[in-house]
Amino acid sequence: MSSDPLQYNAEGKLRHFLSLDTLQRDTLINILDTAENFTSVNDKAIKKAPLLRGKTVANIFFENSTRTRTTFELAAKRLSADVLNVNLVTSSTTKGESLLDTLRNLEAMQCDMFIVRHGDSGAAHFIASHVADHISVINGGDGQHSHPTQGMLDMFTIRRCKGSFDNLVVVIIGDILHSRVARSDIAALRILGTREIRVAAPRTLLPADVESLGVSVFHRVEDALDGADVVIGLRLQNERMQGATIPSSDEFYYTYGLTPERLRIAKPDAIVMHPGPTNRGVEIEAGVADGQQSVILHQVTYGIAVRMAVMAITMSNTTDATNRQTESGDAAATVGNQTGNP
Ligand code: CP
């Protein structure tokens with residue numbers, strides 16, 4: 001039985017998707033395998049699967065997003081759900097309506113799934129602990145805590161490019177301190193048995209307890225890149241910085257920027273990843289971002305299939321879905337082996 005009663009339901013199946021660190025390896029593998037199946041839907045002329053037909057998915061983004069919000073919308077539509085994009089700039093949250101009241105109103109509109117991005121770490125867990133039993137909550141990024149679907153699409157990209165994880169040296173460069181992507185990637189890489197996970201950053205951009213994350217720490221990016229199979233760049237998350245943490249973005253580029261010269265220190269077949277948005281000339285040179293080793297846009301494409309997988313799995317494990325399966329046969333069979341059993 002899982003030790004995470006919020007994300008797993010009473011039967012031990014994945015019901016919410018909030019963070020990766022407490023998930024079991026089988027759950028992650030199931031998401032990756034299910035996403036593999038959904039890539040075939042995305043390659044068809046008619047990109048539709050009926051798994052969420054009749055369901056309503058609400059995208060509730062309190063922070064800006066390009067990739068996450070749009071690929072969740074595409075993923076939901078490709079699963080045949082109705083999609084509600086809640087515009088928080090024009091919503092009644094600007095008149096003082098609380099987060100929970102906003103969500104209760106969306107529940108009253110018979111939404112079935114909330115995709116939530118919020119600036120506060122822990123917001124998605126808070127919401128998941130207050131919603132009705134038939135609703136799944138998926139974290140689209142909370143503060144500097146977690147971005148679990150980005151973590152899974154990064155794992156999907158690595159597995160597609162490199163096969164297995166056990167022989168890999170993965171290097172994450174940049175603003176680790178403020179990065180929810182770094183935390184989710186590190187958690188997933190560890191669960192999947194990655195040989196070595198390195199982080200390269202100035203001391204001011206590392207969490208105080210960085211070693212406890214199970215990574216090797218480097219302050220010279222050239223040392224970190226030696227023998228790397230996967231190189232993940234991160235932007236400086238200025239919106240989460242309080243006060244000066246680095247002298248300047250020029251200084252950061254000079255010391256940590258991913259240039260073609262530095263990339264040559266990694267293995268010749270190393271792949272370059274970045275969650276986006278990229279800041280060319282700050283954490284990555286354009287020639288690397290657009291170069292032959294870059295898989296940055298593949299990450300975006302794979303994000304649709306991964307988000308389809310997470311939505312299909314969690315939705316098949318809500319109380320509502322379980323009741324319907326009892327009434328009308330095994331609906332989960334439609335999802336193949338996508339029931340999220342840990
Ligand atoms: N990777 C990512 O979360 O990008 P967006 O902020 O554009 O969603």
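Helices (H or I, at least four residues) and strands (E, at least two) are DSSP runs, numbered from the N terminus. This is a predicted model, in which local features need pLDDT of at least 70, side-chain atom pairs count only at pLDDT 80 or more, and totals for chains, interfaces and linings use all residues. Residues are numbered from 1 along each chain as its sequence is written, and side-chain values use heavy atoms, with hydrogens and water left out. Here is a quick tour of the ligand site and some backbone features.

**Around the ligand**
- The residues surrounding the ligand (a heavy atom within 4 Å) are S65, T66, R67, T68, R117, H147, Q150, P275 and G276.
- This shell comprises 1 nonpolar, 6 polar and 2 charged residues, with Gly counted as polar.
- Domain 1 (25-147 + 300-331) and domain 2 (148-299) each give at least three residues to the shell; the bounds come from an automatic or database domain assignment.

**Polar contacts (N or O pairs within 3.5 Å)**
- A polar backbone atom of T66 is 2.7 Å from an oxygen atom of the ligand.
- Polar side-chain atoms of R117 and H147 each lie 2.9 Å from a ligand oxygen atom.
- The protein buries 91% of the 250 Å² that the ligand exposes when taken alone (Shrake-Rupley method, 1.4 Å probe).

**Backbone features in loops**
- Most residues other than glycine have a negative phi, and most peptide bonds are trans.
- S80, with a positive phi near 75°, is in the loop between α2 (67-78) and β2 (82-86).
- Q110 has a positive phi near 65° and lies in the loop between α3 (99-108) and β3 (113-118).
- The peptide bond from G276 to P277 is cis, with omega near -5°, and P277 is in the loop between β9 (271-273) and α10 (286-289).

How values were computed. Polar contact = N/O pair within 3.5 Å; in protein donor to acceptor, adjacent residues only side chain to side chain.
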